[in-house]
Amino acid sequence: MLKSKWFKTVGTLALAGVLAASVAVGSVSAGLAKGSKFLGNIIANQVPNNFSPYWNQVTPENSTKWGAVEGTRNVMNWGQADMAYNYAKNNKMPFKFHTLVWGNQAPNWMNGLSATDQRNEVIQWIRAAGQRYSQSEFVDVVNEPLHAKPAFHNAIGGDGQTGWDWVIWSFQQARQAFPNSKLLINEYGIIGDPAKADRYIQIINLLKNRGLVDGIGIQAHYFNMDNVSVNTMNTVLNKLQATGLPVYVSELDMTGDDNTQLQRYQQKFPVLWKHPAVKGVTLWGYNENQTWTSGSHLVRSNGTERPAMQWLKTYMANNP
């Protein structure tokens, strides 16, 4: 039996009133999106002062990844995660916990543990996250299963009979810890590769058949989006739609000089936004010098908007 564990907690503790917030996702007043679909973005070290005019959904960039929270065993640093969560709740924006089980940004101290201790630590991590952020609208349970299998995956089921037992186990734990949240799987490389989408769907169907997954996350970073064709995008989205599950574009960015980026947004953003299976789109940064890759920003450091952002504002106003 797994014994309960006491954590030393570093960071903000005041969540009174926030945890009572509803998990329902409906129309919200902030941001460019005014209908039932959200258009969100990330929050990193602090909330940008220009966040709410553009966006109405929050994903922490790094602060809810396990390695960021528990870099030292049993010392939980929730400060920046609380900041993003509280901002979302106080502004009635859907919040996504990103992520529970991922092969990257896991605590280094996990590597030296026995398989039994590794399994117990994963359970304790998921439970601690679920207790603190129980009203997260969405949770990325497993991130990048096709590309970033955790070093500790054998401790949580390994490949097993299905080939993906460790993923199934992770979702089972998350369903218990986050009973009020929509559980998502998340992966990159899908939007531009129908064959990889088929492999992804095999995992999704294993979870769907067990009632464990509520939606499909597809990252849409520049290295997939900049040169993908519209036909390929539609092929992949239609494949995902056939699962019967909603699709969430989880990490969108496109790069280029002003004119190139504008053309890419004009051509490809509507494919994502208008597809009936897509229920929300989250961009991965937008302010200059605050994005993970150069050339993907939509707002310059002086506060002026690049042409792609100017177009996006008009497009969203005309396509609610």
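User: OK, so the expected span of a helix is 1.5 Å times one less than its number of residues. How many residues does helix 3 have, and how far does it reach?

Analyst: The model here is a predicted one. Helix 3 covers residues 115–132, which makes 18 residues. From first C-alpha to last it reaches 26 Å, close to the 26 Å expected.

User: Which of its residues are buried?

Analyst: Quite a list, including Glu121, Trp125, Ile126 and Arg132.

User: What does Glu121 meet in a salt bridge?

Analyst: Arg73, with 2.7 Å from N to O. Arg73 sits in the loop between helix 1 (66–69) and strand 4 (75–77) and Glu121 in helix 3, so the pair ties together parts 48 residues apart in sequence.

User: Are those two buried or exposed?

Analyst: Glu121 is buried, at 3% relative accessible area. Arg73 counts as partly exposed because its relative accessibility is 37%.

User: And Arg132, which residue forms a salt bridge with that one?

Analyst: Asp82, and the closest N and O atoms are 2.8 Å apart. Since Asp82 belongs to helix 2 and Arg132 to helix 3, this pair ties together parts that are 50 residues apart in sequence. Asp82 is buried at 0% relative accessibility, and Arg132 counts as buried at 13%.

User: How many salt bridges does the structure hold?

Analyst: Eleven. One of them joins the side chains of Asp226 and Arg264 at 3.3 Å, N to O, and both of those residues are buried. There's also a network of salt bridges linking Asp258, Arg300 and Arg306.

User: Switching topic: how many strands form the open sheet, and in what order?

Analyst: Eight strands, with parallel pairing, ordered 3-2-10-9-8-7-6-5. Strand 3 (58–60) and strand 5 (96–102) are the edges, each pairing on one side only. On average, neighbouring strands are turned by 25° against each other, direction ignored.

User: What packs on that sheet?

Analyst: Helix 2 (residues 79–90) does, touching strand 2 (38–43) and strand 3. Its direction makes about 175° with that of strand 3.

User: How many bridges join strand 8 to strand 9?

Analyst: Five, between residues 215–220 and 247–252, and the two strands run parallel. Ala220 stands opposite Leu252 there.

User: Last one: where does Asn287 lie?

Analyst: In the loop between strand 10 (278–283) and helix 9 (307–318). Asn287 is buried, with a relative accessible area of 9%.

User: Which side chain does Asn287 join through a polar contact?

Analyst: That of Asn50, at 3.0 Å. Leaving aside neighbours within four places in sequence, Asn287 is in contact with Pro48, Asn50, His297 and Val299.

How values were computed. Residues are numbered from 1 along each chain as its sequence is written. This is a predicted model: local features need pLDDT of at least 70, side-chain atom pairs count only at pLDDT 80 or more; totals for chains, interfaces and linings use all residues. Side-chain values use heavy atoms; hydrogens and water are left out. Two strands pair if DSSP finds at least two bridges between them. Helices (H or I, at least four residues) and strands (E, at least two) are DSSP runs, numbered from the N terminus. Axes are lines fitted to C-alpha atoms, for helices over the stretch in contact, and angles run from 0 to 180 degrees between N-to-C directions. Contact means heavy atoms within 4.5 Å. Buried means under 20% relative accessible area, exposed over 50%, partly exposed in between (1.4 Å probe, protein chains only). A polar contact is a pair of N or O atoms within 3.5 Å; within protein, one must be able to donate a hydrogen and the other to accept it, and residues adjacent in sequence count only if both atoms are side-chain atoms. A salt bridge is a side-chain nitrogen of Lys or Arg within 4 Å of a carboxyl oxygen of Asp or Glu.
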